[in-house]
Amino acid sequence: MGIRIVIADDQAMVRAGLRMVVDSDPGMEVVGEAADGREAISVARRTRPDIVLMDISMPRLDGLSAARELLDTPSPPKVITLTTFDTDENLYAALRAGTSGFLLKVSPPEQLLEAIRVVHAGDALLDPAVTSRVIATFAGRAEPKPSPMLGELTPRELEVLRLLARGLTNAEIAGQLFVGEATVKTHVARVLMKLSLRDRAQAVVFAYESGVVRPGAA
């Protein structure tokens, strides 16, 4: 089965363009469209897509609010937020909302298709170093609050979380810990499961906001 996608944007021309790009890939299918955040939630609940392409700025309910509500349901789709503004504030807000990716509307078609594949495969769309930079900047504005969920992690899993939050890839973490990359993938999967996180981007948010790593730490 192909990747099922819902497109949510208040501009009909943008939706048509996104549909054209998605339909060009035989492994993807647009199963619904929405013109505002409230409709996006309704369409997604009815069609049960794998991915929602969600515009940030929409009437009735903005994309970030819609994403939060949609992601707070059993077996939610993954959300890629779309915007015309490339700002750290938008990126941080999207990550805090629980989305798995962040993409500019001016991105080339092949980048959009690759983003859909990456997020569908369970990875965060953003480069880990970019993600950690943004989270460090904003999380550093408030005192971190240790989470009791950290007690669920083994010492090695906590170490993996710390390295992941500093922007290291699986291969780089494997090099640091002198283990195989497959072992690192297993540790990352267990960290996400134990902390009830959707992907690596959410793990970075959690690590900074719970004080596992702090802005400026080496």
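Helices (H or I, at least four residues) and strands (E, at least two) are DSSP runs, numbered from the N terminus. This is a predicted model, where local features need pLDDT of at least 70, side-chain atom pairs count only at pLDDT 80 or more, and totals for chains, interfaces and linings use all residues. Residues are numbered from 1 along each chain as its sequence is written, and side-chain values use heavy atoms, with hydrogens and water left out.

**View 1. Two annotated stretches of the chain.** (UniProt positions are given in the numbering used here, feature names are shortened, and annotations may be inferred rather than shown by experiment.) Residues 4–120 are 46% helix and 23% strand, with end C-alpha atoms 10 Å apart. Residues 146–211 are 65% helix and 0% strand, and here the end C-alpha atoms lie 6 Å apart.

**View 2. An open sheet of five strands.** The strands run in the order β2-β1-β3-β4-β5, with parallel pairing; two strands pair if DSSP finds at least two bridges between them. At the edges sit β2 (28–34) and β5 (101–104), each pairing on one side only. On average, neighbouring strands are turned by 25 degrees against each other, direction ignored. Take β1 (residues 3–8): six bridges link it to β2 in the parallel sense, and Ile3 has Met28 in β2 as its bridge partner.

**View 3. Helix α2 on the sheet.** Helix α2 (residues 37–47) packs here, touching β1, β2 and β3 (51–55). Contact means heavy atoms within 4.5 Å. The direction of α2 makes about 140 degrees with that of β2; axes are lines fitted to C-alpha atoms, for helices over the stretch in contact, and angles run from 0 to 180 degrees between N-to-C directions.

**View 4. Helix α2 beside helix α3.** The axes of α2 and α3 (residues 63–71) come within 8 Å and cross at roughly 30 degrees. That makes α2 roughly parallel to α3 (angles under 35 degrees count as roughly parallel, over 145 as roughly antiparallel, 65 to 115 as roughly perpendicular and the rest as oblique). Gly37, Arg38, Ile41, Ala44 and Arg45 of α2 make the contact with Ala66, Glu69 and Leu70 of α3.

**View 5. Helix α3 beside helix α4.** The axes of α3 and α4 (residues 88–97) come within 9 Å, crossing at roughly 20 degrees. So α3 is roughly parallel to α4. Here Leu64, Arg68 and Leu71 in α3 meet Ala93, Ala94 and Ala97 in α4.
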